[in-house]
Amino acid sequence: MNRFVNVWMIMAASGLGTGFRDGGPGSINGNNDFMMFEDCIVTNYSVAAWAITNTQAYSWVMSNCQGTGNGVGKYAVSGGDGIPSASPFYWHDGLVGGHTVADFYIKHTQSDGANYHIDNVMSEGSNRFLITSPANSLYCRTTIENVRFNQGNLNADGVAMHFSHAGPILIRNCGFGSL
């Protein structure tokens, strides 16, 4: 397992494209199956703080991390928008916000299903909290719990979470709005 502890990427306004991304040139599968990020901060990026791009990345854990786009970055965690896939991840504790598209974008492309878990996250100033694209698997388990999403910059259509996955999805103990 690769482990990153207390790594800060605090760049001048949108000076960073993506903070952490797996794979090599041309998204070569680097077999980066398991990644652990603890107390990491990524700010002022133009695309994503974390980009999970390879189908061999089976478990990324972000613990007490921050991904803040500050009105420029598109996502905290992404597997879409030109990034080929998003493998399973678990984000617990931390802060996200200021994203122009969504805090989390799940574009699931694995045929064996996957688990996504977002727990105890505060979001401020993002366009949406979550977007998912249609999955090509029988299931794509997603759990969202203990989340606070402030609607300060919510998309004009009023949708905080847009789901296209087959599911199942579990949402509990969450607050969305002017909290």
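Four salt bridges are found in the structure, a salt bridge being a side-chain nitrogen of Lys or Arg within 4 Å of a carboxyl oxygen of Asp or Glu. The model is a predicted one, in which local features need pLDDT of at least 70 and side-chain atom pairs count only at pLDDT 80 or more, while totals for chains, interfaces and linings use all residues. Residues are numbered from 1 along each chain as its sequence is written, and side-chain values use heavy atoms, with hydrogens and water left out.

One of these salt bridges joins Glu38 to Arg3, with 2.4 Å between the closest N and O atoms. Because Glu38 lies in strand β4 and Arg3 in strand β1 (residues 2-5), the pair ties together parts that are 35 residues apart in sequence; strands here are DSSP runs (E, at least two residues), numbered from the N terminus. Glu38 is buried at a relative accessible area of 17%, whereas Arg3, at 57%, is exposed, where buried means under 20% relative accessible area, exposed over 50%, and partly exposed in between (1.4 Å probe, protein chains only).

A further salt bridge brings together the side chains of Asp157 and Arg128, at 2.8 Å from N to O. This pair links distant parts of the chain, since Asp157 sits in the loop between β14 (148-150) and β15 and Arg128 in the loop between β11 and β12 (130-132), 29 residues apart. Asp157 is partly exposed, with 45% relative accessibility, while Arg128 is buried, with 11%. Glu145 likewise forms a salt bridge with Arg172, the closest N and O atoms being 2.6 Å apart, and here the linked parts are strand β13 (residues 141-145), which holds Glu145, and strand β16 (residues 169-172), which holds Arg172, 27 residues apart. Glu145 counts as buried at 10% relative accessibility, and Arg172 as partly exposed at 40%.

From the charged pairs we turn to the strands. Six of them form an open sheet with parallel pairing, in the order β3-β6-β8-β10-β12-β15, two strands being paired if DSSP finds at least two bridges between them. The edges are taken by β3 and β15 (161-162), each with a single partner strand, so one side of each is left without a neighbour in the sheet. Within the sheet, β6 and β8 run parallel and are joined by three bridges, and Ala51 stands opposite Ser78 in β8.

The largest nonpolar core has 34 residues, of which Trp50, Phe89, Trp91 and Phe129 touch the most other members; such a core is a set of buried Ala, Val, Leu, Ile, Met, Phe, Trp, Tyr and Cys residues joined through side-chain atoms within 4.5 Å. Strands that each supply at least two residues of this core include β6 (45-51), β7 (59-68), β9 (89-97) and β11. Apart from it lies another core, of five residues, among them Ala48, Ala102, Tyr105 and Ile131. The contacts of Trp91 (heavy atoms within 4.5 Å), not counting residues up to four places away in sequence, include Trp50, Met62, Val77, Phe104 and Ile118.

Tyr116 belongs to strand β11 (residues 115-124) and is buried, with a relative accessible area of 2%. Between Tyr116 and Ile144 there are 28 residues of separation in sequence, and their C-alpha atoms are 8.4 Å apart in space. Phe176, by contrast, lies in strand β17 (residues 175-177) and is partly exposed, with a relative accessible area of 31%.

Key:
Helices (H or I, at least four residues) and strands (E, at least two) are DSSP runs, numbered from the N terminus.
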